[in-house]
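Have a go at each task before you peek at the solution.

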Amino acid sequence: MHDKLAVLIDADNARAAIIEGLLAEIAKFGVAHVKRIYGDWTKPELGSWKEVLLRHSIQPIQQFRYTVGKNATDSAMIIDAMDLLYTGRFDGFCIVSSDSDFTRLASRLRESGLTVYGFGERKTPAPFVAACDRFLYTDVLGKPDTGEDKPAEPTPRKNAQELRQDTRLVNLLRHAIDDAEDEEGWAGLGAVGSMVSKRAPDFDSRNWGYARLSGLIKAIGLFQTEERVVGNGKHLYVRHKKKTAARE
């Protein structure tokens, strides 16, 4: 059963170049039953979006800017989000914006038991990031945020030394393993990933140049890994090397 998602895009705070990667990422979480994008379509700055809306069946919502300095687009998105929430037809929302004005909306949706996925640029304020269940930076989605129609340069892969110097990353992984480990110190990779996401909604192994969490953990070199056959598939388990040495 796939989650039913509502995708709401703030055209003033997102670039059309990300659309392919954005929709591909959203497809991993569920099915986008509603795709709407908000902005003043009389403005020439939104011209790049007009070319992709029909191709991806995204409904443009016109919102005139009646007063200078006031963001009417945000208000329209918030009102629509609440209307969609009250229909009871959705399992989650995808909010595509780098604007902190959606912080309270994300919190309100989560209070109602829905999952909130945020998508934005690196400049996105921390409160909005923290208000989401998951937050993904758009520069890792396969297209650059420059508006240019060309492939994105892959995020440079960090080596072991650089990864170990990232205290926040190392501590996140260590605490996640501690929370998910069994009596022998082993933790399933899936459980570790879930724990990390709960602590840091913006965690994504692609931020360090690794396509998967397994590759990132192996590259750091601080953890022991073991592949096990469970049921009909193979699963990776990890534990601290220090704990391994203590048991020997």
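This is a predicted model: local features need pLDDT of at least 70, side-chain atom pairs count only at pLDDT 80 or more; totals for chains, interfaces and linings use all residues.

**Exercise 1. Work out the strand order of the open sheet with 6 strands, and find which strands stand at the edges.**

Solution. 
- Step 1: Walk across the sheet, and you meet the strands in the order β3-β2-β1-β4-β5-β6. Their pairing is parallel.
- Step 2: Now look at the two ends, β3 and β6 (134–137). Each has a single partner strand, so one side of each has no neighbour in the sheet.
- Step 3: Zoom in on one pair. Strand β1 (residues 4–10) and strand β2 (residues 31–39) run parallel and are joined by 7 bridges. Leu5, for instance, has Ala32 in β2 as its bridge partner.

**Exercise 2. Describe the open sheet of 3 strands and find the helix that packs on it.**

Solution. 
- Step 1: Here the order reads β7-β9-β8, and the pairing is antiparallel.
- Step 2: The edge strands are β7 (187–188) and β8 (223–230), since each pairs on one side only.
- Step 3: Count the links between β8 and β9 (residues 233–240): 8 bridges join these antiparallel strands. Along the way, you'll find Gln224 opposite Arg239 in β9.

**Exercise 3. Explain what the salt bridge between Glu20 and Arg55 ties together.**

Solution. 
- Step 1: The structure holds 13 salt bridges. In the one between Glu20 and Arg55, the closest N and O atoms are 3.4 Å apart, inside the 4 Å cut-off.
- Step 2: Glu20 sits in helix α1 (residues 19–29), while Arg55 is in the loop between α2 (47–53) and β3 (59–62), so the pair ties together parts that are 35 residues apart in sequence.

**Exercise 4. Find out how many cavities there are of 30 Å³ or more, and what lines the largest cavity.**

Solution. 
- Step 1: The count comes to 1 cavity. The volume of the largest cavity is about 40 Å³.
- Step 2: Its lining has 12 residues, and Asn13, Ala14, Ile18, Glu121 and Thr138 lie nearest the centre.
- Step 3: Sort the lining by type, and you get 4 nonpolar, 5 polar and 3 charged residues.

Terms used. Residues are numbered from 1 along each chain as its sequence is written. Side-chain values use heavy atoms; hydrogens and water are left out. Two strands pair if DSSP finds at least two bridges between them. Helices (H or I, at least four residues) and strands (E, at least two) are DSSP runs, numbered from the N terminus. On a 1 Å grid over the protein atoms alone, a cavity is a set of points where a 1.4 Å probe fits but cannot get out, and a pocket is an open set with protein on both sides within 12 Å along at least five of seven lines; lining residues have an atom within 4 Å of a point. Grid points are joined across faces, edges and corners, and a volume is the space filled by probe spheres set on the points. Ala, Val, Leu, Ile, Met, Phe, Trp, Tyr, Cys and Pro count as nonpolar, Asp, Glu, Lys and Arg as charged, and the others, Gly among them, as polar. A salt bridge is a side-chain nitrogen of Lys or Arg within 4 Å of a carboxyl oxygen of Asp or Glu.
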